[in-house]
Amino acid sequence: MTSHEVNFLPQSYRLRRERFRRRCRQGALAAVMAASLMGWWMIQRGQTAAWRGYAQTLEAEVEAARLQAQGMAKLHDQRRMLIRQLNLQQELAQPVRHTQILLALSQVVPESIVLTWLDMTTQRPAPEPLMPAGAKASSSAGKSNRASGDAPVEDLIRIELAGLAPDDLTVANLLEALKLHPLFTNAKIHFSRNTDIGGVSARQFQIELTVPLGRRFQIAPPVEEEVARAG
Amino acid sequence: MLGGWWHKARCPIGIDLGEHSVKAVQLHTLRSHLRVRAAASAAMPHDTPPAHEGYHQAVQDTLARLLEQGAFAGRRVVVGLPASVVQFKNLRLPKMPPGELPAAVEWEARQHLEPDQQPVEIQFFDAGEVRQGQEVRQEVILMTASSPFIEAHLQMLARLGLEPVALEVAPSALMRSARAWAGPEGDELRVVIDVGYAFSKVLIGRGQRVLFFKLIDIAGRHWDEAVAQQLKLPRHEAGEVRRRLGREASQDPAEADQTPRSRSQEEAQQAVQDAVRPLLHELAREASLCLRYYGVTFRGQRPQQIALTGGESRQPGLAQALAQQIGVEVRTGAEALTPELSEAATQALREHPAAWAAAMGLSLRDALDQAKRRAA
């Protein structure tokens with residue numbers, strides 16, 4: 001009841017209407033909340049899809065990296081195989097021929113020296129160890145250093161030569177020339193002693209030296225050609 | 001309200017339930033100006049007063065027809081209860097704080113109820129302080145309406161799908177109309193005499209306060225009965241004749257002169273005038289007594305003018321009888337309504353704007369105070 005505004009609507013009706021309006025408001029609020037939740041869920045769903053896509057991308061990248069790693073492993077295996085083949089080839093096909101060694105010796109040894117004995121010994125290649133089927137090459141690689149190439153034993157040709165020289169100076173010159181020659185290494189004299197051959201006194205000597213095979217040899221052009229090219 | 005962006009507010013539909021016709025009008029306020037959005041009226045079936053058991057069905061049918069006619073927006077309605085279903089009684093209570101008044105009025109009203117009376121809804125107007133002897137007392141206009149009738153009314157509105165904002169009575173609606181016409185800020189004394197079909201109402205107020213209200217049992221139906229007796233016609237036919245003659249008499253005089261009247265028409269006019277003249281004078285005398293009561297009780301000044309409204313207010317001779325008896329200028333509704341209100345009005349509203357005063361007042365519920373708040 002008010003003193004200016006008259007309203008004969010019963011209190012019970014007003015309460016009923018207010019209750020109805022409150023329910024409408026609550027319903028509308030609930031609808032808005034539901035719509036908001038739905039929207040939020042849709043957004044989250046979109047984000048989840050985005051994360052899932054990102055995860056798939058990452059998985060694809062991981063798979064690609066795994067394939068790359070596999071490829072790298074294969075390449076490593078191939079490289080190891082190729083090195084082994086190279087070593088084998090190097091063993092089978094030496095970088096310097098015996099005739100070239102003989103040529104070098106003939107150039108180093110002076111005419112006053114007579115060689116009485118020459119021995120050139122090459123190390124025999126070690127055969128590939130037999131591996132059971134399925135065994136990894138890497139496991140057996142350590143067993144043969146030459147095959148794996150991890151700590152290679154230097155291949156070389158061992159040369160022993162003996163001869164007669166007029167005096168020790170000539171022998172010493174020969175030894176010095178052998179040491180200075182790029183083809184030879186480890187030139188050592190075993191002995192040098194006097195000998196008498198048919199009433200002629202001479203110095204009998206024996207020298208040992210090696211030719212390393214783990215190198216590449218390039219035959220130098222003859223001296224005349226170099227002189228001509230320089231002129 | 002979203003419409004407030006342009007200071008535009010759609011008012012509820014004001015429905016004035018008369019015994020002869022039902023009027024509905026919807027106003028809207030646009031930048032503090034009132035405009036008519038839709039208006040429609042429909043005649044009620046004969047002999048279905050509110051006490052009749054078929055009353056609510058008749059109102060429902062009439063309202064359904066009426067709402068279809070007008071371009072009304074929304075379902076919110078403010079309904080004016082028929083004057084005959086509301087009991088008015090003036091009470092004088094000891095002076096008390098405003099907060100205690102409702103409870104005191106309700107207690108006092110319960111004391112006046114008969115033990116076997118139906119439950120009632122109680123409302124009141126605080127008319128203000130009056131001096132009774134040496135005592136200052138609180139004058140209250142008590143209004144009661146039968147709760148079952150109101151419940152039936154609400155059910156009828158619910159069947160029509162309408163949402164009642166308020167169930168009102170004529171005084172507050174007429175007071176609001178008077179405020180709208182004169183401007184809501186005005187605090188001058190307002191006197192409205194609303195002449196309907198069942199009752200005439202005398203309203204005296206100041207600002208938004210109703211100071212005095214009285215129902216006078218002299219109105220259109222009594223004039224119809226008098227004319228019927230004079231012309232030996234059934235009442236509703238006599239009413240048609242009286243109203244038609246009243247319409248012709250209220251036309252523009254220049255227009256009326258162009259249509260020559262027959263002798264029989266003039267005789268009928270004279271017969272009707274003769275029949276209703278004593279009743280008009282009786283009504284004017286009653287209204288004069290009301291003003292005298294107000295003057296004595298409230299020691300108030302005499303009004304400058306009286307607004308004459310209601311469906312039967314254009315009865316020829318009524319305004320003159322009132323002016324002669326009371327000695328105050330009487331303005332009819334057509335003059336009282338502002339051009340802004342009548343500008344967008346429908347044809348029916350333009351023809352007889354005073355008949356829509358109560359309906360407009362109902363539609364204006366809350367709008368005036370909102371407009372005043374916006375202006376402030």
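This is a predicted model: local features need pLDDT of at least 70, side-chain atom pairs count only at pLDDT 80 or more; totals for chains, interfaces and linings use all residues.
**View 1. Overall composition of chain B.** Chain B contains 14 helices and 13 strands. Of its 376 residues, 53% count as buried. Among contacts in chain B with a separation of 6 or more, 65% are accounted for by residues 24 or more positions apart.

**View 2. The open sheet of β5, β7 and β6 in chain B.** The sheet comprises 3 strands in the order β5-β7-β6, and their pairing is antiparallel. Between β5(B) and β7(B), the latter spanning residues 135-146, the antiparallel pairing extends over 9 bridges. B:Pro94 has B:Arg137 in β7(B) as its bridge partner.

View 3. The pairing of β5(B) with β7(B) comprises 9 bridges. On this sheet packs helix α3 (residues 147-159) of chain B, which touches β6 and β7 of chain B. The direction of α3(B) makes about 55 degrees with that of β7(B). Helix α8 (residues 263-298) of chain B lies across β5, β6 and β7 of chain B. The angle of α8(B) to β6(B) is about 60 degrees.

**View 4. The packing of helices α8 and α9 in chain B.** Helix α9 of chain B covers residues 318-326 and packs against α8(B) at an angle of about 40 degrees, the two axes being 9 Å apart. The two helices α8(B) and α9(B) are therefore oblique to each other. Their crossing is right-handed. From α8(B), the contact is made by B:Leu280, B:His281, B:Leu283, B:Ala284, B:Arg285, B:Ala287, B:Ser288 and B:Leu291. From α9(B), the contributing residues are B:Leu318, B:Ala321, B:Leu322, B:Gln325 and B:Ile326. Classified by residue type, the contact of α8(B) with α9(B) has 9 nonpolar, 3 polar and 1 charged residues.

**View 5. The hairpin of β10 and β11 in chain B.** Strand β10 (residues 200-206) and strand β11 (residues 209-216) of chain B run antiparallel and are joined by 7 bridges. Within this pairing, B:Val202 has B:Lys214 in β11(B) as its bridge partner. The hairpin formed by β10(B) and β11(B) has 2 residues between the strands. B:Gly207, in the turn, has a positive phi of about 60 degrees.

Key:
Residues are numbered from 1 along each chain as its sequence is written. Chains are lettered from A and ligands numbered from 1 in the order in which they are written. Side-chain values use heavy atoms; hydrogens and water are left out. Two strands pair if DSSP finds at least two bridges between them. Helices (H or I, at least four residues) and strands (E, at least two) are DSSP runs, numbered from the N terminus. Contact means heavy atoms within 4.5 Å. Axes are lines fitted to C-alpha atoms, for helices over the stretch in contact, and angles run from 0 to 180 degrees between N-to-C directions. Angles under 35 degrees count as roughly parallel, over 145 as roughly antiparallel, 65 to 115 as roughly perpendicular and the rest as oblique. A crossing is left-handed if the near helix is turned anticlockwise from the far one by less than a right angle, and right-handed if clockwise. Ala, Val, Leu, Ile, Met, Phe, Trp, Tyr, Cys and Pro count as nonpolar, Asp, Glu, Lys and Arg as charged, and the others, Gly among them, as polar. Buried means under 20% relative accessible area, exposed over 50%, partly exposed in between (1.4 Å probe, protein chains only).
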